[in-house]
Structures are given as C-alpha cells and as structure tokens.
Amino acid sequence: MTLEIDYTYRMSMSLHSLMTGISSKILSSNGVIPKGTFPFGNFNMIDTDGAVPRVGSQEYKEWVEKAVTAGFLRKLEKVDEIPDFEEVMKVFGSEEKAGFSDIYRKQCAET
C-alpha cells in the first residue's frame, strides 16, 4: 500500500474528519439519536483495522488494544454519513428530528 493511500485511509477514520463526537452530541441533545451512540459522521466509514491500528509504534498499538479492551477507548467499526432531511424523515418520521439532522449536515458538516 502506498503512503498516500494509507494516509488517506487513516485520515478518513480520524475523529477530526468524521466529527462523530460533535454530531452525536448535537443529535442526541435534541432527541434525534440515543445518548452515547455514534451512528453518524461527516461521511461513511468502515474500520477494517479492528482493535489494533495498522499504523503506529508497537507501544502505541499495544496501548490502543489495552485501552479498547478496558473500555477507555471506543472503536467505531462503522459510521454512516448524516442523512439529508428526506432520509431522516423516512428513518425517524419526525420533521423536528429531520430538521436538527439537516441543520447539522448543512451548517457544520458541510456535506
């Protein structure tokens, strides 16, 4: 795997690019999703690394594995892109929930 592909893959899984924490806090605070869940981000992501990242020092990989096992870190295997208004209406059946999701998607996620 080339460095560019590997770098792009790693960036696509970063909290900063996915914004799962921010989107989940906004959506859960407004009743769109249950608190403590992270189903949505700025774009679709599937983590193929599993519990141990494929990059980083051996010490880092061991630390991540221990932190995940102990429950200090939560690894997300999959994140879906924040749906648009029409899709949220199909999923949640509520204009209010669809509105919160759509506002975040348009104003914060810029998707």
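Buried means under 20% relative accessible area. At 14%, D47 therefore counts as buried in this predicted model.

**View 1. The salt bridge between K75 and D47.** The closest N and O atoms of K75 and D47 are 3.0 Å apart. This pair links distant parts of the chain, 28 residues apart. K75 sits in the loop between α4 and β3, D47 in the loop between β2 (45-46) and α4. D47 is buried at 14% relative accessibility. K75 is partly exposed at 29%.

**View 2. The salt bridge between K78 and D80.** Here the closest N and O atoms are 2.6 Å apart. K78 is partly exposed, with 48% relative accessibility. D80 is also partly exposed, at 29%.

**View 3. The salt bridge between K90 and E87 in helix α5.** Both residues lie within helix α5 (residues 85-92). They are three residues apart, about one turn of the helix. K90 is exposed at 67% relative accessibility, while E87 is partly exposed at 34%. The whole structure holds four salt bridges.

**View 4. S23 in helix α3.** S23 belongs to the helix spanning residues 20-29. Its relative accessible area is 0%, so S23 is buried. A polar atom of the S23 side chain lies 3.0 Å from the backbone oxygen of F40. Beyond its neighbours within four places in sequence, S23 contacts F40, G41, I82 and Y104.

**View 5. L73 in the loop between α4 and β3.** This loop runs between α4 (58-70) and β3 (78-81). L73 is partly exposed, with a relative accessible area of 34%. Leaving out residues up to four places away in sequence, L73 touches W63, V64, A67 and V68.

Definitions and conventions. Residues numbered from 1 in each chain as written. Predicted model: local features only at pLDDT ≥ 70, side-chain atom pairs only at ≥ 80, totals over all residues. Heavy atoms only, no water. Helix = DSSP H or I, 4+ residues; strand = E, 2+ residues; numbered from the N terminus. Buried < 20%, exposed > 50% of the residue type's maximum accessible area, 1.4 Å probe, protein only. Contact = heavy atoms within 4.5 Å. Polar contact = N/O pair within 3.5 Å; in protein donor to acceptor, adjacent residues only side chain to side chain. Salt bridge = Lys/Arg side-chain N within 4 Å of Asp/Glu carboxyl O.
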